[in-house]
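Here's a quick briefing to read with the model open beside you. Grab your viewer and follow along.

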Amino acid sequence: MKSHIELNFAVRQPFSSLAVGAWGLVFSLLFLSSCTGRSRQSSTTTDTIALAPAPTFVADSAMHYVRQQCTYGPRVPGSAAHEACGDWIFQTFNDLGTTVTEQRTQVMGYDGQTMPCRNIVASLNPDATDRIIISAHWDSRAWADNDRNKTNHHKPVAAANDGASGVAVMMEMARAMQTVPLSFGVDFVCFDVEDQGTPQWAEPSEDEEEETADYWCLGSRYWAKEAYATGYTARYAINLDMVGGRDARFEMEGFSRQFAMPLVNMVWHLANQMGYGDFFPLREGGYVTDDHVPVNQMAHIPAIDIVPHVSGARSSFGETWHTTEDTPQNINPAALKAVGQTLLQLIYNDNAQ
């Protein structure tokens with residue numbers, strides 16, 4: 001998604017064992033402590049994180065939410081499927097016990113045409129001033145411009161992984177979190193119009209590049225500007241993008257390291273300790289233009305991105321990225337589980353302090 005510019009691997013150097021070991025953990029704990037104002041107990045001699053009781057993330061439930069989104073068809077902004085699925089997302093989060101609000105606006109696409117943008121926010125403990133954010137985009141790309149078959153390049157994408165997977169993880173987290181109360185607030189933010197950036201077949205020449213705006217992440221840009229203008233803040237944000245691929249491997253993304261390295265360390269160490277190291281390898285990835293960037297740069301909230309880098313695939317985002325093959329049949333429930341359970345554990349560790 002993530003921009004018409006692919007991952008930049010110039011910075012991809014493996015961490016040393018020290019950088020991803022005990023000191024990384026200590027800095028993570030200090031970071032979260034400074035954000036919350038709560039004390040944190042940590043040791044410089046071990047990288048083991050104490051695990052508080054946390055709700056169970058049910059992968060089959062998350063898969064149901066993936067399939068339900070896809071039943072509406074591609075959720076291309078301005079389409080009937082987009083409006084209908086947006087209504088379903090709103091109602092489903094409402095049924096899960098969250099307080100749901102939305103932002104509606106108009107944004108301009110790469111071709112100069114306007115399109116509707118609908119950000120949906122589902123809040124747990126909406127009156128709490130101490131908050132965190134979990135986010136994902138919910139729109140479908142209008143063009144399968146990375147498909148092997150060029151005749152598909154103007155067809156929309158079903159977006160089971162590239163959109164629906166992140167929303168499904170948030171929904172299952174919201175369901176699970178109803179069973180154990182939290183002392184702080186959580187905002188599940190569904191960003192719209194993330195994936196309508198310039199298609200590959202319409203990219204400008206080098207001479208035109210400087211005059212062409214970047215049309216990715218339009219919903220999160222709007223949300224971030226509004227958040228900053230209204231004084232909204234949160235301790236941190238975690239964005240989920242393409243978290244259900246069969247080939248999913250989530251490296252430590254570059255902008256995430258730049259803006260919130262302690263939180264990156266905490267999430268990746270926690271996932272490894274919980275047995276999800278195959279999905280969360282302890283190594284650096286490239287820089288990805290994604291919805292966490294406006295949250296960092298415009299809303300000034302430390303934000304990280306859980307986004308795949310897949311070695312040996314046609315795209316580093318996975319074989320189905322921006323193709324007609326991005327369907328529920330190509331979703332791995334184990335990947336959804338690894339992400340969702342790790343984030344539940346992160347949140348309830350914090351809640352236990």
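This is a predicted model: local features need pLDDT of at least 70, side-chain atom pairs count only at pLDDT 80 or more; totals for chains, interfaces and linings use all residues.

Residues are numbered from 1 along each chain as its sequence is written, and side-chain values use heavy atoms, with hydrogens and water left out. Helices (H or I, at least four residues) and strands (E, at least two) are DSSP runs, numbered from the N terminus. Buried means under 20% relative accessible area, exposed over 50%, and partly exposed in between, with a 1.4 Å probe and protein chains only.

**Aromatic rings**

- There are ten aromatic pairs in the structure. Rings of Phe, Tyr and Trp (its six-membered ring) pair if their centres lie within 6.5 Å; planes under 30 degrees apart count as stacked, over 60 as edge-to-face and the rest as tilted.
- One of the pairs is W143 with W201, edge-to-face at 6.0 Å centre to centre and 90° between the planes.
- W143 sits in the loop between β3 (131-137) and α4 (160-177), and W201 in the loop between β4 (185-191) and α5 (218-230), so this pair ties together parts that are 58 residues apart in sequence.
- W143 is buried at 14% relative accessible area, whereas W201 is partly exposed at 35%.
- F191 and W223 also pair edge-to-face, with ring centres 5.8 Å apart and planes at 70°. F191 belongs to strand β4 and W223 to helix α5, so the link joins parts 32 residues apart in sequence.
- Both partners are tucked away: F191 is buried at 1% relative accessibility, and W223 is buried at 7%.
- Y110, W143 and W201 make up one aromatic cluster.

**Charges over rings**

- R235 lies over the face of F184, 4.8 Å from the ring centre. The rule here is that NZ of Lys or CZ of Arg is within 6 Å of the ring centre and within 35 degrees of the ring normal.
- R257 has its charged end over the ring of Y287, 5.7 Å from the centre.

**Cysteines**

- You'll find zero disulfides here, a disulfide being a pair of cysteine sulfur atoms within 2.5 Å.
- Take C70: the closest cysteine sulfur is in C85, 8.2 Å away, so that's too far for a bond.
- C70 is buried at 16% relative accessibility, and C217 is buried at 2%.

**Helix α5**

- The 13 residues of α5 should span 18 Å at 1.5 Å a residue, and the end C-alpha atoms are 19 Å apart, which agrees. The expected span is 1.5 Å times one less than the number of residues.
- Buried residues in α5 are L218, G219, S220, W223, A224 and A227.
- Those buried residues pack against β1 (99-108), β2 (114-124), β3, β4 and α7 (292-297). Contact means heavy atoms within 4.5 Å.
- Just after α5, G231 takes a positive phi of about 85°.

**Positive phi outside glycine**

- H300 isn't a glycine, yet its phi is positive at about 60°. H300 lies in the loop between α7 and β6 (303-306) and is exposed at 51% relative accessibility.
- H322 also has a positive phi, near 55°, in a residue other than glycine. H322 lies in the loop between β6 and α8 (333-351) and is buried at 1% relative accessibility.

**Nonpolar cores**

- A nonpolar core is a set of buried Ala, Val, Leu, Ile, Met, Phe, Trp, Tyr and Cys residues joined through side-chain atoms within 4.5 Å.
- The largest core has 66 residues, of which F93, F188, I238, L240, F280 and I306 touch the most other members. Helix α4 gives the most to this core, with eleven residues.
- Leaving aside neighbours within four places in sequence, L240 is in contact with residues including I134, H137, M170, I306, V339 and L343.
- A second, separate core of 13 residues includes V189, A237, V295 and I301.
- V189 sits in strand β4 and is buried at 1% relative accessible area. Not counting residues up to four places away in sequence, V189 touches I120, V121, I133, I134, S135, A136, M170 and W223.
- The C-alpha atoms of V189 and W223 are separated by 9.3 Å, although these residues are 34 apart along the chain.
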